[in-house]
Amino acid sequence: LASAYAEEASCTTSTIAAPTLTRKPKDGDIVTFTLLRFQPISNDDDDSNNSNNEQKLVIEPLFDTKGTLQLVLNGGNYLPGLHKLLSTMSPGETINDSVIDAGYGAYNPALVFKVQTSQIANSLDTSLVKLGMVLRMGNGMECRVTEMNEEVWTLDANHALAGSAYEIDVRLESVENGIDYWGYVEDEEGV
């Protein structure tokens, strides 16, 4: 009986590895890549979106910006510009000094507006609001609070990454067929 347990304990399981491809990736493929450098490009010379000559708000990325990473090409994570760049590369290829857009368009000064504090006071407890907070307006628009005083608040409806760009060095390590290759089919509810 003891030997039966010993044999069972020594069994190993194996997984089926997806074949690595030599072609450029297409939508839905799993790509492994190494971000060698990911550097935000400063807009210090552009005062069009900063009337007070203050430093532009720098948002910490919501994703890894260095090391070897994986994503599903055009699967909705990471910056759209990174997906676009990876789709042009072949496995083993390195691209240096590429500039990618954050994917939220140019900063639009027309989306910055002032609101009288008295107009807001009836809608929310203004004592709870801090600079940088995002408020959802009655029409569903989200606006970041960029200035506030007793009389007037300045709200910015631009996406926090609007007008942002990054300079990157990236190496495409490998491409694997995406989930369609394995015969996955969504049901009517998309599950």
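Modeller: Phe38 and Tyr166 are both buried (under 20% relative accessible area; exposed is over 50%, partly exposed in between; 1.4 Å probe, protein chains only). This is a predicted model: local features need pLDDT of at least 70, side-chain atom pairs count only at pLDDT 80 or more, and totals for chains, interfaces and linings use all residues. Residues are numbered from 1 along each chain as its sequence is written, and side-chain values use heavy atoms, without hydrogens and water.

Searching the whole structure gives two aromatic pairs (Phe, Tyr or Trp rings, the six-membered one for Trp, with centres within 6.5 Å; planes under 30 degrees apart are stacked, over 60 edge-to-face, the rest tilted). Phe33 and Tyr78 are edge-to-face, with centres 6.0 Å apart and 85° between the planes. Phe33 sits in strand β2 (residues 30-40), and Tyr78 in the loop between β3 (67-72) and α2 (80-87), 45 residues apart. Helices (H or I, at least four residues) and strands (E, at least two) are DSSP runs, numbered from the N terminus. Phe33 and Tyr78 are both buried.

Phe38 and Tyr166 are stacked, because their centres are 4.7 Å apart and their planes at 25°. Phe38 is in β2 and Tyr166 in β9 (residues 165-176), so this pair ties together parts 128 residues apart in sequence.

Now the core. The largest nonpolar core has 23 residues; Phe33, Leu82, Leu86 and Ile168 touch the most other members. Such a core is a set of buried Ala, Val, Leu, Ile, Met, Phe, Trp, Tyr and Cys residues joined through side-chain atoms within 4.5 Å. β9 gives the most to this core, five residues.
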